[in-house]
Amino acid sequence: MRLLVIEDDATVRESLCRQLKDAGFAIEQAADGKEGLYFALEYPIDLAIVDLGLPEISGLDVIREIRAKGKTYPVLILTARDRWEDKVDGLDAGADDYVVKPFHYEEVSARVNALLRRAGGWASSVLSAGPVKLDIARQELKVNGAKIELTSYEYRIIEHLMMRAGEVISKTELTDRLYDQDFERDSNVIEVFIGRLRKKMDPDNSVKPIETLRGRGYRFALERNQAE
Ligand code: CA
């Protein structure tokens with residue numbers, strides 16, 4: 001998943017981005033509302049974290065513009081003070097949730113995961129489909145109850161595919177979720193990762209969790225289970 005962090009306080013921004021990166025997210029970051037809005041509209045983003053008090057363009061205006069341009073991904077706002085008006089204004093502008101500063105990273109991380117899974121139509125943080133269970137809070141994949149060890153790139157791919165289970169995801173979209181923008185792209189590498197995931201998740205080729213759609217991309221093919 002690719003997150004955008006717009007925050008002018010360098011200490012807060014850098015620490016938040018580092019922890020989110022460590023948690024396996026690809027990150028774009030901006031220090032003012034103008035640059036942030038550019039990334040928000042032009043880059044492939046799955047969720048934006050927006051501070052309300054920003055130079056150039058205010059956080060509220062950034063959010064209004066993101067929504068006016070038809071972007072529907074979740075937006076989490078950071079409010080500097082515990083002022084209820086800020087939260088109301090932010091939610092009215094099109095944000096989905098908020099965290100009050102100073103925050104614990106764990107709170108941001110829990111809210112980000114909750115927003116992402118809800119955007120994907122999942123009710124619980126354990127995504128469950130057929131014999132496959134992906135716990136996005138613990139980043140743990142199980143097939144038929146057995147834990148599967150994954151590299152962080154493999155995890156990012158299965159998480160993105162499962163989060164959007166049933167949808168066709170292009171190779172380009174998957175590549176975008178793997179690397180930061182400045183990384184040299186090679187979409188062939190996705191085929192390699194998908195091959196490894198299939199081997200690890202389905203060594204005897206009986207579960208068939210990932211479908212290839214020639215020329216279009218990949219789809220997580222198993223039916224979602226009812227919430228347990
Ligand atoms: Ca600020």
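Predicted model: local features only at pLDDT ≥ 70, side-chain atom pairs only at ≥ 80, totals over all residues.

Tutor: A residue is called buried when its relative accessible area is under 20%, exposed when that area is over 50%, and partly exposed in between. By the cut-off of 20%, D51 is buried, since its relative accessible area is 3%. D51 is one of the residues that coordinate the calcium ion: the ion is held by OD donors from D8 and D51 and by the O atom of G53, at 2.2 to 2.3 Å. Written along the sequence, the spacing of these donor residues is D-x42-D-x1-G. D8 belongs to the loop between β1 (2–6) and α1 (10–22), whereas D51 belongs to strand β3 (residues 47–51), so the pair ties together parts of the chain that are 43 residues apart in sequence. The two aspartates also fall into separate accessibility classes: D8 has a relative accessibility of 35% and therefore counts as partly exposed, while D51, at 3%, is buried.

K101 is itself buried, because its relative accessibility of 16% is under 20%, and its place is in the loop between β5 and α5. The backbone at this point deserves attention: the peptide bond that joins K101 to P102 is cis, with omega at about -5°. P102 is likewise found in the loop between β5 and α5.

Strand β5 covers residues 97–100 and includes D97. D97 is buried, with a relative accessible area of 14%, and its side chain is joined to that of R111 by a polar contact of 2.9 Å. Y105 and S15 are 90 residues apart in sequence, yet their C-alpha atoms are 8.9 Å apart in space.

Two other pairs give a sense of distance in the model. A68 lies in helix α3 and is exposed, with a relative accessibility of 63%; A68 and Q19 are 49 residues apart in sequence, with 30 Å between their C-alpha atoms. A146 is in strand β9 (residues 146–148) and counts as partly exposed at 39% relative accessibility. Between A146 and R64 there are 45 Å from C-alpha to C-alpha, and the two are 82 residues apart in sequence.

E56 is in the loop between β3 and α3 (59–68), and although E56 is not a glycine, its phi is positive, at about 75°. E56 is exposed, since its relative accessibility of 63% is over 50%. A second case of this kind is N144, which is not a glycine but has a positive phi of about 50°. N144 is found in the loop between β8 (140–143) and β9 and, at 61% relative accessibility, counts as exposed.

Helix α5 leads on to the largest pocket. This pocket has a volume of about 280 Å³, and α5 (105–119) and α6 (152–163) are the elements that give two or more residues to its lining. The lining comprises 16 residues, of which I45, D46, Y73, P74 and R164 lie nearest the centre of the pocket. By class, eight of the lining residues are nonpolar, three are polar and five are charged. Domain 1 (2–119) and domain 2 (126–220) both contribute to this lining, so the pocket lies between them.

Methods:
Residues numbered from 1 in each chain as written. Heavy atoms only, no water. Donors = N, O, S within 2.8 Å, 3.2 Å for Na, K, Ca; no water. Helix = DSSP H or I, 4+ residues; strand = E, 2+ residues; numbered from the N terminus. Buried < 20%, exposed > 50% of the residue type's maximum accessible area, 1.4 Å probe, protein only. 1 Å grid on protein atoms, 1.4 Å probe; cavity = no way out; pocket = protein on both sides within 12 Å on 5 of 7 lines; lining within 4 Å. Points joined across faces, edges and corners; volume = space filled by probe spheres on them. Nonpolar A, V, L, I, M, F, W, Y, C, P; charged D, E, K, R; others polar. Domains from an automatic or database assignment. Polar contact = N/O pair within 3.5 Å; in protein donor to acceptor, adjacent residues only side chain to side chain.
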